[in-house]
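Me: I would like to learn how to read a structure. Please take me through it one feature at a time.

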Amino acid sequence: MTRQELIQQIREKQSFLCVGLDTDINKIPQCVIDEAKSHDGEDYIFRALCEFNALIIDATAPYCVAYKPNLAFYEAYGVDGLMAFEATIDYLKEEYPDHFIIADAKRGDIGNTSKMYAKTFFEAYDVDALTVAPYMGEDSVTPFLGYDDKWVILLALTSNKGSHDFQLTEDQQGERLFEKVLRTSQQWGNAENMMYVVGATQGQMFEDIRKVAPDHFLLVPGVGAQGGSLQEVCKYGITKDCGLLVNSSRGIIYASNGEDFAEVAAQKAKDLQQEMAVELGKIGLV
């Protein structure tokens with residue numbers, strides 16, 4: 001998906017919501033587990049993951065522009081989990097081809113290994129974007145940038161507690177590590193094929209990020225269950241083209257553990273979409 005196609009989807013949906021598919025068997029409603037077991041007995045995991053994801057996707061698709069399955073939640077179940085990940089990608093492509101698909105895998109290794117990771121996600125799975133760790137530098141990132149209309153989403157400033165251990169450290173010139181990542185990586189990619197991960201709980205730090213990367217899209221996790229404020233993210237991070245994909249996972253997909261889980265997820269997504277429409281109205285994008 002190109003940048004302009006993504007912006008058009010944001011305009012049409014009046015939303016920049018990304019729904020995170022962090023699908024955990026231990027959190028899936030019991031009704032889904034029971035249904036899967038009635039078909040497959042103790043080999044129920046593949047069916048349960050697929051069914052839960054499909055119902056969540058169907059419920060939330062009108063209110064979001066992107067989905068972000070997190071690979072860890074699928075790899076944890078071995079072959080069944082990976083098959084469910086692939087089946088989820090296939091379902092999205094068949095039923096909702098205009099939605100942006102992000103594989104949250106945080107890959108990044110020496111060049112020949114990154115080349116194979118890129119082949120996995122951009123050829124075999126054919127997703128739109130992949131999260132990538134920048135720690136190993138240029139040759140670990142550039143193999144992902146060789147695909148037309150595919151995106152690298154580079155970790156920049158995350159919302160976890162340990163982010164301060166490295167990301168805010170300063171060099172002798174006072175440049176913080178996340179700023180160096182932003183500045184240096186723009187020599188490898190551009191605003192048409194590279195985004196950055198910035199945690200929603202970073203608040204006013206978005207202002208500093210926009211000084212270095214004024215035009216790039218930012219993938220923003222942490223709104224909802226992690227306590228990030230959508231309004232604060234927009235205050236400091238939104239651009240004339242929106243420039244944001246705000247992710248919510250647990251706050252949507254696990255909003256209810258009853259039989260109404262899909263309906264409640266839809267309402268949570270709709271609530272966020274309506275807040276986003278207000279923010280988009282402020283910049284004249286709707």
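Me: Where is the place of Glu179?

Reply: This is a predicted model, where local features need pLDDT of at least 70, side-chain atom pairs count only at pLDDT 80 or more, and totals for chains, interfaces and linings use all residues. Residues are numbered from 1 along each chain as its sequence is written, and side-chain values use heavy atoms, with hydrogens and water left out. Helices are DSSP runs of H or I with at least four residues, strands are runs of E with at least two, and both are numbered from the N terminus. Glu179 sits in helix H8, residues 177-185.

Me: Is Glu179 buried or exposed?

Reply: Buried means under 20% relative accessible area, exposed over 50%, and partly exposed in between, with a 1.4 Å probe and protein chains only. Glu179 has 11%, so Glu179 is buried.

Me: Which residues is Glu179 in contact with, leaving aside neighbours within four places in sequence?

Reply: Contact means heavy atoms within 4.5 Å. Glu179 touches Gly174, Asp208 and Val212.

Me: Which residues of H6 are buried?

Reply: Ser114, Ala118, Phe121 and Phe122. They cover an arc of only 85 degrees around the axis, so they lie on the same side of H6. The arc is taken from the directions from the helix axis to the C-beta atoms. On the other side, Asn112, Lys115 and Ala124 are exposed.
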